[in-house]
Structure formats: C-alpha cells, structure tokens
Amino acid sequence: VTSKVHALTRTADPVPIVSLVLPAPPYKRPNSFYVTARSEFSTCAPTRTTLNFTWMLFSPQYSNSSIQAQGPEFFVNTMDLIPGSSYTLTLLIQSIFSSSILQQTIEIVRSGVKALIKGGNRTAYRNEANYAIDGSTSYDIDYAGTSTGLNFEWTCTAGSSPCRLKN
C-alpha cells in the first residue's frame, strides 16, 4: 500500500466581500448623506486582516473636481456638488494580501424653486384698490438665497375659475 502526502499552502486569506450602504435616491441639495463600506470575511478565513478604505467622488463633467477621504464611512456633502450632475463614487479596498474596487453612480437632482409671496398665500383686498403681489423672496432651493435668473408668471383663480377682470 502506497500513501501519498499532499502539502497545502495558504498563499492569502480569501478576499472579503465588501458592499456599499447608502440611502435610496433621489440625492439632492441640501440633503447630505453618509455612504458606509460593509465588509464580510469568509468563514474559512483564519485571520481577519485590516482593511484600508480610500474613497473618491469624481464627476466626468467637471474633471477638475474630486473629493477624497479615508476610512469605512464617506460623507457626501451635497452642497459641494452641482445639481443636475452625475458623480462616480469609487472605493478602493486594500489589505496586505489583495485589493479591490467598488463603484457607484450618484446623480444630484435639481430641487426646484421655492415660490413665496410676501404677506402669505391668502390675501384679502378691496376691489377698488390696486394690489401688488411681491414674489421677490422666492428662491432656487439648490442655491439658497439666490433669486437671480428667476422668471415670474402670475395667474389668478377664484376657486377653480379664473378671476374676473373689471373693465
């Protein structure tokens, strides 16, 4: 009877499974959020090596802008991003044995306009008097405090009917 001996050598621990945890879209100003790297090691891995996380948020539309950070969590400050633009979030995971990359596309959607009328949205006035409606405090939510470039269009309704004009 002949016996054979086989030697097994472990060259590296199995690569951990890493996933990104982030809130559901839409992503818009001023709602900043965190992205977390969740790692899961194989049950057959004899050791749990230290993982290093390097994040980069980059926009192909604006090649000179990127944000970088280290650690298992990344803060996305939407006020630093441009509404209507897409960004690529890249996570580089490194251990002493291996490395891998995860990517996620994040689109910052436009928030719209906040229409405000000075004096409120319900006003009573006498028919004989002229009345001015002032919407100058309205603003673009993405650029708070800015009303530059806004165009105003007014309509008048009484219930579900248009207002009557006195000739």
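Guide: Start with confidence. pLDDT is the predictor's confidence in each residue, from 0 to 100. This is a predicted model. The protein chain averages a pLDDT of 81, and 80% of the residues score at least 70.

Visitor: Which elements have the lowest and the highest mean pLDDT?

Guide: Strand E12, residues 161–162, has the lowest, at 70. Strand E6, residues 73–76, has the highest, at 95.

Visitor: How many aromatic pairs does a search of the whole structure find?

Guide: The search finds 3. Take Tyr27 and Phe33 as one of them.

Visitor: Why is the pair of Tyr27 and Phe33 called stacked?

Guide: Two values decide. The ring centres of Tyr27 and Phe33 are 4.6 Å apart. Rings pair if their centres lie within 6.5 Å. The planes of Tyr27 and Phe33 stand at 25°, and planes under 30 degrees apart count as stacked. So the pair is stacked. Tyr27 and Phe33 are both buried.

Visitor: What makes Trp55 and Phe74 a stacked pair?

Guide: Their ring centres are 5.5 Å apart and their planes lie at 20°, so this pair is stacked too. The pair links distant parts of the chain. Trp55 is in strand E4, residues 52–59, and Phe74 is in strand E6. They are 19 residues apart.

Visitor: Why does Trp55 count as buried?

Guide: Buried means under 20% relative accessible area. Trp55 has 0% relative accessibility, so Trp55 counts as buried. Phe74 has 2%, so Phe74 counts as buried.

Visitor: And Ser95: why does that residue count as buried?

Guide: Ser95 has 17% relative accessibility, which is under the 20% cut-off, so Ser95 counts as buried. Ser95 lies in the loop between E7 and E8. Beyond neighbours within four places in sequence, Ser95 is in contact with Thr49, Thr50 and Leu51.

Visitor: What makes Val109 partly exposed?

Guide: Val109 has 27% relative accessibility, so Val109 counts as partly exposed. Val109 lies in strand E8. Leaving aside neighbours within four places in sequence, Val109 is in contact with Pro26, Tyr27, Lys28, Pro83, Gly84 and Asp142. Val109 and Arg29 are 80 residues apart in sequence. In space they are 8.0 Å apart, C-alpha to C-alpha.

Visitor: Which residues line the second largest cavity?

Guide: Val15, Pro16, Leu51, Ile93, Gln94, Ser95, Ser98, Ser99 and Ser100. Strand E7 (85–94) and strand E8 (99–109) each supply at least two residues of that lining.

Visitor: How do the residues of that lining divide by class?

Guide: The lining of the second largest cavity has 4 nonpolar, 5 polar and no charged residues.

Visitor: What volume does the second largest pocket have, and which residues line that pocket?

Guide: The volume is about 160 Å³. Val113, Ala115, Leu116, Ile117, Gly135, Ser138, Leu150, Asn151, Phe152, Glu153 and Trp154 line the second largest pocket. By class, that lining has 7 nonpolar, 3 polar and 1 charged residues.

How values were computed: Residues are numbered from 1 along each chain as its sequence is written. This is a predicted model: local features need pLDDT of at least 70, side-chain atom pairs count only at pLDDT 80 or more; totals for chains, interfaces and linings use all residues. Side-chain values use heavy atoms; hydrogens and water are left out. Helices (H or I, at least four residues) and strands (E, at least two) are DSSP runs, numbered from the N terminus. Rings of Phe, Tyr and Trp (its six-membered ring) pair if their centres lie within 6.5 Å; planes under 30 degrees apart count as stacked, over 60 as edge-to-face and the rest as tilted. Buried means under 20% relative accessible area, exposed over 50%, partly exposed in between (1.4 Å probe, protein chains only). On a 1 Å grid over the protein atoms alone, a cavity is a set of points where a 1.4 Å probe fits but cannot get out, and a pocket is an open set with protein on both sides within 12 Å along at least five of seven lines; lining residues have an atom within 4 Å of a point. Ala, Val, Leu, Ile, Met, Phe, Trp, Tyr, Cys and Pro count as nonpolar, Asp, Glu, Lys and Arg as charged, and the others, Gly among them, as polar. Grid points are joined across faces, edges and corners, and a volume is the space filled by probe spheres set on the points. Contact means heavy atoms within 4.5 Å.
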